[in-house]
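Dear colleague,

Please find the structure below, followed by an account of what was found in it.

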Amino acid sequence: MSVDTIAADASAAAPERPTMEVDIACVGFGPAMGGFLTTLTRAWSEHPDDPAFASKVALGMPLQVVCYERADDISAGVSGVVTRGKGIRASFPSLNPAEIPMAASITTERVLYLLDPIGASRRSFALRAGDSVLRGLGGLLGVKDHAFELPWTPGFLHKHGGLVLSLGQFNQWVGSQLMASGLVQIWPGTPVSSPIFAGDAVQGLNLADQGVDRSGAPTTDFMAGMAVRAPLTVVGDGPVGAIGQALDQRLGLPPGHAQSEWALGMKMVIELPDSPEGNQLKPGTVWHTFGYPEPEIFGFLYVHPDRLVSVGIFVPSWMGDPSRTAYRYLQHYIQHPALWRYLKDGTLRSWGAKSLQESGKHGEPFLTGDGFARIGEGSGSTNMLTGSGVDEAWTTGVQLADAVVELLRDGKPFSRQNLAATYEARRRASWIEREADAAKNARNGFHRGMVRGMFGMALAGLSRGRLDLVGGVPSAREQIRPFASGKAAGVDAEQAEQLARNARTGGRPLHDALMTARGWPEIELDGRLLVTQQDALLIGGKVQAMPGFADHVVFRDPHLCVPCAEKTCIALCSGQAITQGADGVPAFEREKCVHCGACLWNCAHSPDGVGANIEFRAGAGGLHSAEN
Amino acid sequence: MAHALHIVVCAGVVPDPLQTLEPVTGPNGPGLKNEMVLPAVLDPWAACALYEAAHLATAVPGSKVWLVSLGPKAKLQQVMMTAGQKVSFELVPIDGPIGGFSDAHSTAAALAEAIALLPGLEREHLLLFGGWESATRGAGITLQLVGERLGITEQFQGVDQIAMRDDGSFEVLERVEGGKHQVSVCAGTPAVLGWATGNLPEPRNNPQIGMQNMRAIMPALQKAKPVTLAANGLRYAALSLPKQQRETRLEKNLSPDEIAQELVDWMTAE
């Protein structure tokens, strides 16, 4: 160990940091990193005496591979998933879902269009007309419980042969095997604050400082985050990770690329009542839904073993309305008659939320550089046509590991050129790239309405990307419809102004007040499944935050926040960690933050015309539930 | 200057109390629903003992800390990812069953045997640490039984503080009724200390410590000795949950005095 001086970031004084040398420093333990480390350790354990796996930084030692994860456990801070499992099964050919808690093979898939049984949903004329037809011909078309099941589901949506997983449990399962190998170290509860740059090359990672106040200023028990120097840094910290963001800020995105499309996924894990036969959901059942609670909001339900179901919604950035929120909509969603029939009398077991980077190929950053490679969702691997991300993420990790093993055996350095020739080349030649290309423009229509969006998606999907709707996607900031335009309200101007005024003075938040004004009924809490958002944090997400870390959500120019009417940062904050402050500037409480990162893409204002007015930095804590 | 200490901490692993814990009775007796699925943490009482042990070892040069833990290997491994970053220790894992319903005598026998076989352990300089209570649902007597099996007669429970003296004796503060401490002076090691909470905060995650610990933890886990704990005729006639009531409210603006007053009002109104 040694001590040297490295600037944590441009705004902070340079603390003295202890330094450690490793061969491969990894950030973020998700499915991509699971794929990377699993593949790497397998190659290694099959050839334990291969000199390629000798450390270059600690002579006489085996390869030093460490992975730092922000969440307090590798099973925390993640979401559930329904996946084709193509890449995962390739890594585990004899995978038995029964070995992984909460896993099940997919048995049935349904796509449901949900009608609005309440009448509060913001539906276009075309959609209302369609709804009327469905209601009128309901008996003939099989409409039941205000839901119409599509008689045919396009192939690109199917996940036949796939898996229903709790990603928390899957991560734990993968992590246990990795740790059992004894070849890599995984350290949860360790946020990574910044890359160590040397020009545009990356030489490792700086861990977050501890013993600081909310602003990051050292306190009496200050401990500077360690500088972990490595010839290769593997970046798998997801769509809102600090390292991925820092790389994008430093290097920019490839020409023509932009990360404009986002969504917030929020879900509950519910334990179903022990219902009589005939009213039970079988493990492996998967529902995809659309149309309710708002036309922009897609939903899902999938069934785990032991009467557990995951139910959730995706709130996309193209829902420009200031009511762009998730928790209350999720509560309305689960009470839709088609779902409530099964969920009623259930118990909330877990809850969580995360941002999804939905730009796909358009949002792909530079995948490699001197000393670093990017994998997983933050590398633009999520496929928005098939609605699949975990399997793709896993596979990018596998591809990088294969490339790293090749470079180690060839004794070549981890230069941009070598990583591009091995990792990027593998990725470009794989199904990930082919499917990403087909999905590239599948979302174009949604910015002009849900019906056009569905049409555009079908067009791209059925033609395998040969055809698509022409149209650009505005930046995430521009997708937030200004409240002052009057279009956002859906209520008369006087009432809208009253609601906004109340919100500004600490009354009911605008999104919540708007929903009520539009006719959404208040949620009747039952204390078991329908609980307050704060109770969902505590009894569902088990949210915790270790003291001694700085606030990771920072308002860059607070003056810009004061006149902001929409305050979608408040509306879409999953944990109600951002609330209306007394001075008009939103207040942030890190103890409530689930690190979903929604605030990053839910700010309509920019102090410099480039980034939003909110910074989402490295931080500790968040969800502790392992059932997500 | 006191002689270098050999501190052995006995610590079980327990399901993370933040998770949904639901008691069930299965074919093998009582347990928790999906217990192997639940993330585990170091038993909170024993964790305090570990932090105190590490603190003491730092204060008395040449001292060493062992952490002896009985539980399923996979769970021990998971817990070490976090506990291993806190303080320096040598792990002595014993691959055994999960849960705290095992017979305390069998558990104590397995722990005592592992401790007795520790290479380099000097019994005359031994301090046996653990929690005075346990979140494992155990009977809370395991530590005493381990001490007895090792022939250690000086035992202290509910310890909040130890202060070593130059002559090798030490002063111990034990919790007694009325929120007070009993002060004892012990002539010297060996001794058993069942810790209450102590006075130390949870140490921060330190990657340097983690790296150092993990180099020995993983090989130790791979060689963990499996044990089967005899039931010794132990049978649970009935189980019940503690009566509890949870009312959650987040308060940011009340002073500690106001919160204390509200709690007093609530308790006296019961």
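The crossing of α3(B) and α4(B) is right-handed, a crossing being right-handed if the near helix is turned clockwise from the far one by less than a right angle and left-handed if anticlockwise. This is a predicted model, in which local features need pLDDT of at least 70 and side-chain atom pairs count only at pLDDT 80 or more, while totals for chains, interfaces and linings use all residues. Residues are numbered from 1 along each chain as its sequence is written, and chains are lettered from A and ligands numbered from 1 in the order in which they are written.

Helix α3 (residues 104–116) and helix α4 (residues 142–149) of chain B pack at about 50 degrees, with their axes 8 Å apart. Axes are lines fitted to C-alpha atoms, for helices over the stretch in contact, and angles run from 0 to 180 degrees between N-to-C directions. α3(B) and α4(B) are therefore oblique to each other; angles under 35 degrees count as roughly parallel, over 145 as roughly antiparallel, 65 to 115 as roughly perpendicular and the rest as oblique.

On the α3(B) side, the residues in contact (C-beta atoms, placed from the backbone, within 7 Å) include Ala104(B), His105(B) and Leu111(B). Their counterparts in α4(B) are Thr142(B), Leu145(B), Val146(B) and Arg149(B).

Chain B as a whole has six helices and 13 strands, which are DSSP runs numbered from the N terminus (helices: H or I, at least four residues; strands: E, at least two). Its C-alpha trace spans about 55 × 45 × 40 Å along the principal axes. Of the contacts in chain B with a separation of 6 or more, 78% are between residues 24 or more positions apart.

Two cis peptide bonds deserve mention. One joins Tyr292(A) and Pro293(A), with omega about 10 degrees, and Pro293(A) is in the loop between β18 (285–290) and β19 (298–303) of chain A. Another joins Thr189(B) and Pro190(B), with omega about 5 degrees; Pro190(B) is in the loop between β11 (180–186) and β12 (191–195) of chain B.

Asp306(A), although not a glycine, has a positive phi of about 60 degrees. Asp306(A) is partly exposed, with 14 other C-beta atoms within 10 Å (20 or more count as buried, 12 or fewer as exposed, and in between as partly exposed). Lys542(A), also not a glycine, has a positive phi of about 55 degrees and counts as buried, with 24 C-beta neighbours inside 10 Å.

Yours sincerely

Methods
Two residues are in contact if their C-beta atoms, placed from the backbone, lie within 7 Å.
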